[in-house]
Each structure stands twice: as C-alpha cells, then as structure tokens.
Amino acid sequence: MTSTTVPARIQLAGRTVQLAWLREHSTQAAPLFTRARSETGHAWCLCRSPALRLVIRCTRAGRYHLAGWPGEGEHHHPHCPFHKLGPGLSGRDRYSTQAIREMDDGVLIRLNTPLTSNLTQPTTHNTTPQETDDEAGTRRSVGLLGLLHWLWEQARLNTWHPQTEPLTWRTCHTRLRRQLRETTINGLHTDDAIYVIPPFTPTTADANTAALNTFRQRLGTHGRTERRALVLGQIREVTPTPYGVAYRMAHQRTPLYARTALHTRATRSYRHALGKTATGHGATRIALFVVERSPNGHLIATDLAAMLTTRTFIPADSSHEVVMADALAAHHRTFVKPLRYDTADTVLPDFVLTDVTPTAYVEVYGIHGQDAYERRKIEKQALYQRRGAQLIEWDVSQPLPHLALPSR
C-alpha cells in the first residue's frame with residue numbers, strides 16, 4: 001500500500017482551514033491568528049488525533065506563520081509539513097540556542113562567517129566565533145554546511161513521499177524563501193543576508209536580473225561598513241578562468257568567480273558534490289556561497305559549502321546514496337534523509353523510512369578496506385541491534401536489496 005499526500009488541516013481560533021490557504025491568505029487570516037494567540041496561545045494541527053499544538057509566530061512586519069511545537073515534531077504524521085525526525089536523527093541536536101534561537105517573531109541564526117565588517121576596526125584573520133561551548137561539543141555558531149542543511153531540513157526538502165508532481169527548483173525556491181521570511185542571519189534581514197537564485201522563465205528573466213542587480217548593489221563598502229552576503233543555488237558547471245574558476249549556476253546567466261585555491265579546498269571538503277563524478281546518476285549539486293562584489297561588479301566567492309542531491313533535490317552523501325534514494329522513490333517509499341550539519345562524527349542512518357511503524361533504517365555501504373569506515377559500520381549495526389530496529393542494508397558491490405513496502 002502506497003502513501004498519499006493529504007492536505008494539512010489547521011484549527012485556528014475554533015475554525016478549521018487548510019494550511020495552504022493560511023499561507024496564501026496571510027493578511028485575510030490575521031484576525032484568526034490574533035484571536036488564537038489571545039485565547040489559547042497556539043494553533044492545532046489535525047494530522048493526528050488528539051490534535052498537536054503549533055507555535056504561532058509573528059514577524060516584525062506583522063506576517064503570521066506557524067511552526068512545529070518544540071519536541072513534538074516526531075508525533076506528527078509523516079506526511080504532515082510539521083513532521084520531524086526524533087532526537088538523535090539530526091545534526092541540529094549538536095547546536096546550542098546561541099547558534100539557532102527560535103523566538104516568537106522568527107529564528108535567529110548565528111553564522112560563524114561574518115557578513116559585515118567595520119572598516120574603522122583593525123583587520124583580524126580570526127573572525128570565526130568559538131564553535132563549542134561545553135565538553136559535550138555543543139556548537140555556539142552555525143557553519144555554512146550547517147546553515148545549508150538547516151534550510152533544507154526546515155523546508156522539508158530532505159523528505160520524500162509519493163506525489164503526483166516531481167520536486168523542481170521552483171518548489172525548492174518557494175519553500176526556502178518561505179522559511180527565510182522568518183529568519184535573520186547574524187542580525188541581518190533575509191534580503192540583506194542571502195539571495196536564493198530564482199527559477200528562470202522567459203517572462204521572469206528581466207525581473208530576476210533586476211533582483212540580482214539590487215542584491216549586488218548591497219554588497220561592498222557602504223560608509224564605514226564592508227558587506228558580504230550569501231548566494232544559494234544549483235551549480236550547473238565549473239569552468240576554468242585565467243584567475244581560478246567560474247561557477248555557472250542553473251537559472252542564472254551571471255556566474256560566480258573564485259580563486260583556484262578556494263575551489264581546490266572545497267573539492268577536498270565536498271568531494272562527493274564537487275568531484276569529477278558528482279553529476280553521475282542524474283545527481284545535482286547545491287551550494288551556499290559567501291560572496292563579495294569586486295571593483296568591476298563581479299560576484300566573487302570567498303567561501304562555500306556544497307552538497308550532492310538527487311535530481312529531485314533529496315540530499316545524498318555519495319553517488320551510491322543517490323542510487324538508493326531514487327530506488328526508494330521508485331518503490332513508492334516515504335523516507336527522510338537525516339542531515340549531519342557541521343558534525344562529521346555524528347552517527348546517523350543514511351535514510352529513515354517513515355511509512356512503517358516503528359520507523360525503519362537504510363544503510364548504504366560504499367567503502368571497503370578502510371578501517372575507520374568498518375568501525376563506523378559495526379558501531380551503527382550494534383546501535384540498531386540494541387534498539388531492535390528494522391534495518392535494510394546495501395553493500396554497493398551487490399544488487400539492491402528488496403525495497404518494496406511490506407504488505408499491510
């Protein structure tokens with residue numbers, strides 16, 4: 001039996017409405033939000049019975065929106081937009097509230113890469129805030145990969161369930177922009193902090209060009225402040241230039257330029273996303289860049305984080321995981337790809353199947369003869385055994401295992 005998508009229903013001040021309606025008619029729904037905040041202090045999600053609480057947030061601009069109640073994400077239905085994996089299944093667990101702070105009016109991100117600098121202050125090369133604040137390794141700031149994974153996770157772009165339409169960059173852009181409306185990064189409003197490359201169509205080409213030019217003008221020197229920002233998009237091609245490389249982005253004619261040293265370093269750090277075989281099996285490459293404006297107006301990348309995804313933008317840690325994610329989708333499975341953020345040592349399953357109870361796990365073994373990898377494999381297997389969890393394993397030297405949903 002395959003899963004179907006059910007529209008999310010919300011109860012707000014005694015009235016039941018569709019979540020899609022609330023998002024499309026936020027101004028019209030404002031009285032409902034105001035009444036719900038004064039009467040009960042929260043909304044209700046009706047994906048389960050009994051209903052689950054939802055946080056009502058209001059931005060400084062007066063726009064209302066809903067968020068999952070802290071600690072209750074795993075209790076929502078797997079198809080619900082507010083569903084989240086339980087504790088221990090996301091790298092976000094390693095951050096303190098100094099790194100990611102959820103407030104009534106939005107989310108505050110403390111990025112460990114400064115986006116502004118005061119030109120009157122002495123230049124220092126050690127501008128990255130301290131990353132840990134206790135012996136357990138809790139991080140006080142978010143790295144570029146951590147921010148990229150947080151955005152993907154919050155927008156539920158690491159979640160797959162059978163659906164009638166394939167996930168496109170237009171869908172990604174819509175969900176990411178929706179999440180960013182309630183987010184500030186290093187104290188900066190979204191428009192000043194990050195540019196998510198919009199989907200290209202002939203009718204929007206001029207508007208997209210104007211938006212990029214406006215974003216570009218915000219960079220550089222303004223009074224006593226030097227401004228940088230973030231660009232998020234899909235790498236279409238990397239080509240050499242006399243001074244380094246050009247990252248040619250999907251949906252955008254204007255490339256991002258970088259020195260050879262940066263690209264070499266990034267390729268080592270994100271070899272699955274930027275290596276020579278990264279685009280095999282129909283995979284795509286998503287990157288989050290730190291950019292500045294050159295004197296002649298070019299966008300220069302000074303740092304980046306990259307991740308590999310399937311053609312439908314599900315993240316994958318290797319080309320073998322791309323194959324597995326596509327196979328799970330072909331078998332109409334509902335699953336989540338756990339994201340490790342900035343933590344390389346966190347033990348996470350490769351995929352979590354949420355269409356069975358209890359949830360099951362998928363592991364892809366793509367490396368042989370490496371002691372550290374084998375130790376990690378044994379550690380994971382022992383963990384699943386202690387939990388009594390169902391585990392599907394695939395050694396990539398063998399055919400894919402049976403992946404169909406068990407009959408009910």
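Predicted model: local features only at pLDDT ≥ 70, side-chain atom pairs only at ≥ 80, totals over all residues.
**Figure 1. Tyr-361 and Tyr-384 make a stacked aromatic pair.** A pair of aromatic rings is described by the distance of the centres and the angle of the planes. The count for this structure comes to 7 aromatic pairs. One of them is Tyr-361 with Tyr-384, with 5.2 Å centre to centre and 20° between the planes. Planes under 30 degrees apart count as stacked, so this pair gets that label. The two partners come from distant parts of the chain, 23 residues apart. Tyr-361 belongs to strand 22 (residues 360-365), while Tyr-384 belongs to helix 10 (residues 371-387).

**Figure 2. Two lysines sit over aromatic rings.** Here we meet Lys-377, whose charged end sits over the ring of Tyr-365, 4.4 Å from its centre. Then there is Lys-337, which lies over the face of Phe-351 at 5.4 Å from the ring centre.

Figure 3. Strand 7 (residues 106-109) pairs with strand 10 in the parallel sense, over 3 bridges. Look for Val-107, which stands opposite Thr-183 in strand 10.

**Figure 4. Two prolines follow cis peptide bonds.** Ser-49 and Pro-50 are joined by a cis bond with omega of about 5°. You'll find Pro-50 in the loop between strand 3 (43-45) and strand 4 (52-58). The bond from Thr-357 to Pro-358 is cis too, with omega near -5°. Pro-358 has its place in the loop between strand 21 (351-353) and strand 22.

**Figure 5. Arg-156 and Asn-186 have a positive phi without being glycines.** For Arg-156, phi is about 60°. Arg-156 lies in the loop between helix 3 and strand 9 (159-160). Its relative accessibility is 11%, so Arg-156 counts as buried. For Asn-186, phi is about 50°. Asn-186 is found in the loop between strand 10 and helix 5 (190-193). With a relative accessible area of 30%, Asn-186 is partly exposed.

Technical notes: Residues numbered from 1 in each chain as written. Heavy atoms only, no water. Phe/Tyr/Trp six-rings, centres within 6.5 Å; stacked < 30°, edge-to-face > 60°. Helix = DSSP H or I, 4+ residues; strand = E, 2+ residues; numbered from the N terminus. Lys NZ or Arg CZ within 6 Å of the ring centre and 35° of its normal. Pairing = 2+ DSSP bridges. Buried < 20%, exposed > 50% of the residue type's maximum accessible area, 1.4 Å probe, protein only.
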